[in-house]
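Please read the following points alongside the sequence and the coordinates.

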Amino acid sequence: MGGCSGQLFSDSEDGTPTGNGSLPAGLIEALDPLPASVDDRSLSRLVATAPSSDRGENFNQVPGVESVSQLGLDPDQVDWMASGAYSESRRNIVTVVGSFEADRPTLPEADMPSGSIDRSDGRLILARSPQPSEASTVRATATDAIDGDLSLSDDVRLALTKVSDARYLIVTPSFNGAEQTMYDRTVDGLQSAVFGISRHDQLRIRVDAAGTFTDASAYEREAFVDLVTGVVQRHHTSVTVERDDRVAVASFTASAPTQEVRERQPDIMMTTTYSSGGAAELAVQIRNTSETPIDPSTLTVLVDDEPRDGVFDGHFAPGEPVSIEADPLSVVAVEWADPQTDYEVVLSTELVVDGVTFEDDYERATQSLTMTYTGETTLTDLEQLAVEVYSGESESTYDDSERQFTLSERHETLDAGDTISVPDVSLGDRVAVTASYEYENGNKAYSGETRIHTFHTRAPGSFTFQHEDESALVYEGDPVDPGNYEVTVGGQRPETTLTDAHETLEDGDRLPIDGEAGAQVVVAWVGEGGRSTVYSGYIRPSVEFVIVRSRDTLTLAYRGDETFDADAFAVQVGHEDLGAVFAEEDETLEDGDTVSVDLPEGPWSTVVRWTELDESLVVSHSSPHDMLQFQLEGASLTFVGRGEWPSGEFEITVDGESVTGFGDTATKGDTVDLGADTGSDVTVTWHYDGGTTYPVFSGTINPPVDFGFEYDEPAGQLTITSVTPTSLDASILDVHFLGESRDTYPYRWAGAYDTVEKGDSITVAVPESAQDVVVEYPKWDESTVYSLDENRKRST
């Protein structure tokens, strides 16, 4: 945030707030169209700002408008902007007032629901609703509220007047509602709160938080200060509080450098490389990921709080890596000092955990686990390492020193070959070794932890339940005696058991399941080590919901032989739960019945749930992303999405030239032979609603890209080997774990190869709690997904 200087209040403790007692005329005009409620949903959050080119980007935006420039306006043309949110309904009203003509703001009106915009000279109103057809009603509610007065309670007005000099305001009108997600605590007697924010200097903002209480006696200083400082969540100065009867105003400054300072801050990335055998080598690599060189004199590298000299050799160019040696469990930090101000910041910290490895020996019969340390470096600071046992039924550890302890409680040091015994580890439990660290820079403290080793006790093999064609349990895993498993359907043993169907259970073996829709199917391991559930699910009703989208609506068609009560299925579109929409049309649901619903703004998906169980069961899930899916295999293009689509809506091109597409319609499995050569570019564009286009596929005809995987779970390492029959450019071949920040992974292949040939491999460390890894070759839009939990490739 940027801009306004000067203090709004005196610094005297328990003084009287000195706000000017009145509100700016422009603010009143901006707040005037915001009603107290919309469709019986109360105003839950209000943000208002007086934009200025001097105050920075955060003063020029409110929820719903990213910046005044998005509206085609200059900050000097806008006096105030305000945005009101109404409960959890995602109904939102934005107002803009200033000196501009009615047609001056530029908006993508073609993409906005009809009736959602109100224009007049000097005022713009934008209305949003989960259902586009309701946006005009929300807008009408806003225009009807314009009367020169504010639809705010006396409590809110009283708090606003105490911070009226601020130019960025965040208002919580009432603490009686359930949706106050910006607060992590409650304060008894607090009715409303207003945060007034101003620029103090280049590095700090001034925050004045006014709270209105039921009466003066309800105020409790510590609780109120904890609430308002907890919202800011950044380092702040000591807080002064001023009182005026039942209004309290807490004032402080908080760290918040201007955009100009933040833009000078460079970007770096740190990774750890480790090679074992003989003399182990451990190094932390620091890479300049900025687009410009970094002045090394502004950087300080510290290892366990000790500065390292001569790291950068006088320069640090874009993309350039430098390496420093560091011991396991040390903390490496890179700090940057702004050469133009006193601003200092920690750019990155790295807890070095590579080389801290363990091997596991689990005795299923005695339920005991022995972990052997296999690292080549003696570990001395064992306070950093903790062992925790997580129950298969819970993410929390037992309140038991045997199941949650630091290694310092068992060892003074840890050398290769030392063991750690963990008793009473049941099937389904997870044992984790976690490394933690703390790091301080001035008044700021940084801390974190990394799970460096995990052992998950599982029963041999796993099961999936397939509903297509014949309902059946499918076994995946090594051969095993089927007598080790017990299957129940609706709490009863099926007529045919696993031992009846198979002498030995092998990968891919099936057990047909016959039962009523809604019956629970459970597979339990009952062999050595005790009972453990390995699969639990429900038999879904044999139904299908075909979904067809037009511009503003979705039509859901029921397909199934069985007739249901129409209220047996609930529909959710995006974040809006529409409930039993089929029941609005008829009492029963039969094959071919349809219902149409409005398409919400923004990203959406459609979920249909069967609600006749104690817990609803998802029977259909669709979105544009998965409904319109194509797959290119050689020169053949196959539709692999959902639903039935008129083929005339799809334009297929090969190297920019249109080719003949599918038949009258495109359904899953339909294929087009493109007759094109390797290297040809293929695109599919969806044309709908009178000419609107939506690209749904692009790819290049190429040999299949594929990889092999070898996961060493105890060591936390994954070896990836290319089995692609052609060369791949290593500089664009990405490896990343789902949920991992993109900045951390582009160099994994490029660090080892220029060109990746068939048989080439790399070994990477597996991050904490990772479940899936993706190897992606964007040049050909190809990727391979590997499931760490299931120890197999899930898709290519």
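This is a predicted model: local features need pLDDT of at least 70, side-chain atom pairs count only at pLDDT 80 or more; totals for chains, interfaces and linings use all residues.

1. An open sheet is built from four strands in the order β36-β35-β39-β40, with antiparallel pairing. Because β36 (576-579) and β40 (617-622) each have a single partner strand, they stand at the edges, and one side of each is left without a neighbour in the sheet. On average, and with direction ignored, neighbouring strands of this sheet are turned by 20° against each other.

2. Within that sheet, strand β35 (residues 569-573) pairs with strand β39 (residues 606-610) in the antiparallel sense over five bridges, and valine 573 stands opposite threonine 606 in β39.

3. The count of salt bridges comes to 16. One of them joins the side chains of arginine 206 and aspartate 208, at 3.2 Å from N to O; arginine 206 and aspartate 208 are both buried.

4. A salt bridge at 3.6 Å, N to O, connects arginine 264 with glutamate 260, and both residues lie in helix α5 (residues 259-264), four residues apart, or about one turn of the helix. Arginine 264 is partly exposed, with a relative accessible area of 22%, and glutamate 260 is also partly exposed, at 47% relative accessibility.

5. Arginine 792 and glutamate 476 form a salt bridge whose closest N and O atoms are 3.4 Å apart. This pair links distant parts of the chain, since arginine 792 belongs to strand β58 (residues 792-795) and glutamate 476 to strand β27 (residues 472-476), 316 residues apart. Arginine 792 counts as partly exposed at 31% relative accessibility.

How values were computed
Residues are numbered from 1 along each chain as its sequence is written. Side-chain values use heavy atoms; hydrogens and water are left out. Two strands pair if DSSP finds at least two bridges between them. Helices (H or I, at least four residues) and strands (E, at least two) are DSSP runs, numbered from the N terminus. Axes are lines fitted to C-alpha atoms, for helices over the stretch in contact, and angles run from 0 to 180 degrees between N-to-C directions. A salt bridge is a side-chain nitrogen of Lys or Arg within 4 Å of a carboxyl oxygen of Asp or Glu. Buried means under 20% relative accessible area, exposed over 50%, partly exposed in between (1.4 Å probe, protein chains only).
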